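Hello,

Here is the structure I promised to pass on to you. Have a look at it first, and then read on for what turned up in it.

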Amino acid sequence: MSPAQPEGQRWADDGALDPGLVEVEAQRPLSLYVHVPFCRVRCGYCDFNTYTVGFGPGAQVGDYAPSVLAEASLAARVMAESGLPEREARTVFFGGGTPTMLDTAELAEILTGLHERIGIAPGAEVTLEANPDTVTCEGLVQLADAGFTRVSFGMQSAVPAILKTLDRTHTPERVPVVVQWAKEAGLSTSVDLIYGTPGESLADWETSLRAALSYETDHISAYALVVEEGTKMGAQVARGELPTPDPDDEAAKYELADALLSEAGYAWYEISNFARATDDDLASGRPSTFYAHASAHNLAYWRDWDWWGLGPGAHSHVGRMRWWNVKNPAAYAARLRDGRSPAYAGEILDEDTRELERVMLGVRTSEGIELAGLPGTRQADEAGAALGAGSVSGGRVAALIADGLVDGAAALRGRAILTLRGRLLADYVTRELMGY
């Protein structure tokens with residue numbers, strides 16, 4: 001155990017997982033995340049592990065693939081030696097940073113290497129995040145040919161002043177162009193939006209939503225801005241140069257997003273994520289979490305799959321073990337050149353923590369979670385009888401229904417599914433279901 005690792009952790013010197021802590025019998029699906037830490041400009045609101053300069057061999061644009069693939073080889077060996085069942089990854093996600101800072105050949109090299117070392121299942125979703133001003137039409141075709149299936153563009157806003165506040169480098173006019181290029185390349189398309197930027201009016205937000213809808217992408221994400229300490233924007237807010245985001249304003253903007261996206265045929269499947277419903281989706285009657293355009297990788301996190309994060313600062317979660325890599329790209333690359341694990345520290349999750357996370361994550365999805373057995377619930381047949389059929393967990397759940405936070409009809413069927421109001425108060429609902 002290295003001095004940097006918390007007391008009580010169990011790690012072999014080579015980063016091997018403890019087989020006794022891995023739930024082999026569960027055979028949970030596997031996902032892969034590849035962190036690309038490079039950016040042209042560091043956005044003022046960003047607190048991710050990103051850099052605008054290189055760090056030498058194995059830690060810079062054009063020389064990054066060998067480091068990622070060395071960790072992939074380590075991951076394959078560790079999982080095999082830990083007694084895990086052999087599994088191909090069902091989803092792969094290249095995030096950042098700006099993955100498209102790497103050229104298409106380097107991205108393709110990494111993806112091919114993951115196929116060879118760990119395995120990627122046929123039909124797997126393979127997503128690439130991209131800034132609108134870091135892709136070309138030809139490059140998107142090459143990425144599709146290399147095996148990428150989906151691209152998520154960081155649109156954030158369609159209002160120039162808001163993009164400037166966020167330190168984004170693209171123009172609004174660029175987004176529909178790159179979305180069309182991606183469609184022509186045969187890629188599934190998504191755009192990310194941010195609401196609550198200081199100075200953004202409700203009309204500004206509506207402009208961004210309507211612009212995104214006009215591009216007819218397969219998927220739209222809408223995230224509330226969080227001002228993080230240690231960021232440029234955090235300092236600007238602390239000095240009074242920018243106003244603190246208003247929770248009531250952000251709630252109104254989320255409600256507007258839900259209304260406009262629903263009207264346009266998008267269904268929420270996770271609080272911040274909306275998938276365009278196809279005719280087959282609607283005909284099937286299946287929950288929106290199973291819609292063709294719902295991101296399988298997003299759902300891997302909410303459904304508590306195993307995932308291995310590759311790259312500096314990347315987090316991993318396998319069985320009851322969670323760990324994270326060293327953040328500095330040079331230190332990351334050096335460890336791998338020396339044949340050592342890049343893992344810096346981690347934790348072993350106890351059963352109470354795992355249950356909390358299962359509820360917290362599951363309740364965020366449109367399929368919700370089963371009520372039976374939750375700490376904050378108890379069966380109350382008389383409550384169900386009063387509502388006309390079946391039974392519903394009483395006590396806290398009954399109060400959540402009365403407050404309009406949990407769908408009453410779904411509760412009668414034994415599931416906790418958030419209403420629109422409940423989505424705005426998901427953390428509170430989680431605490432109630434857990435009996436806190």
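Let me begin with Y195, which is buried, with a relative accessible area of 6%. Please keep in mind that this is a predicted model. W205 is buried too, at 0% relative accessibility. These residues come up again below, among the aromatic pairs.

The count of aromatic pairs comes to 8. One of them joins F38 and Y64 in an edge-to-face arrangement, with 5.3 Å from centre to centre and 80° between the planes. Both residues sit in the loop between strand 1 (30–36) and helix 1, 26 residues apart. F38 and Y64 are both buried. Y195 and W205 make another pair, this one tilted, at 5.2 Å centre to centre with 50° between the planes. Y195 belongs to strand 5 (residues 188–195) and W205 to helix 6 (residues 202–214), and 10 residues separate them.

Two arginines also sit over rings. R90 lies over the face of W305, 5.6 Å from the ring centre, and R303 has its charged end over the ring of F290, at 4.9 Å from the centre.

Now for the nonpolar cores. The largest has 89 residues, and F94, I110, L114, F153 and L433 have the most contacts inside it. Helix 1 (residues 65–81) contributes the most to this core, with 8 residues.

Enjoy exploring!

Best wishes

Note on methods
Residues numbered from 1 in each chain as written. Predicted model: local features only at pLDDT ≥ 70, side-chain atom pairs only at ≥ 80, totals over all residues. Heavy atoms only, no water. Core = buried A, V, L, I, M, F, W, Y, C linked by side-chain atoms within 4.5 Å. Buried < 20%, exposed > 50% of the residue type's maximum accessible area, 1.4 Å probe, protein only. Helix = DSSP H or I, 4+ residues; strand = E, 2+ residues; numbered from the N terminus. Phe/Tyr/Trp six-rings, centres within 6.5 Å; stacked < 30°, edge-to-face > 60°. Lys NZ or Arg CZ within 6 Å of the ring centre and 35° of its normal.
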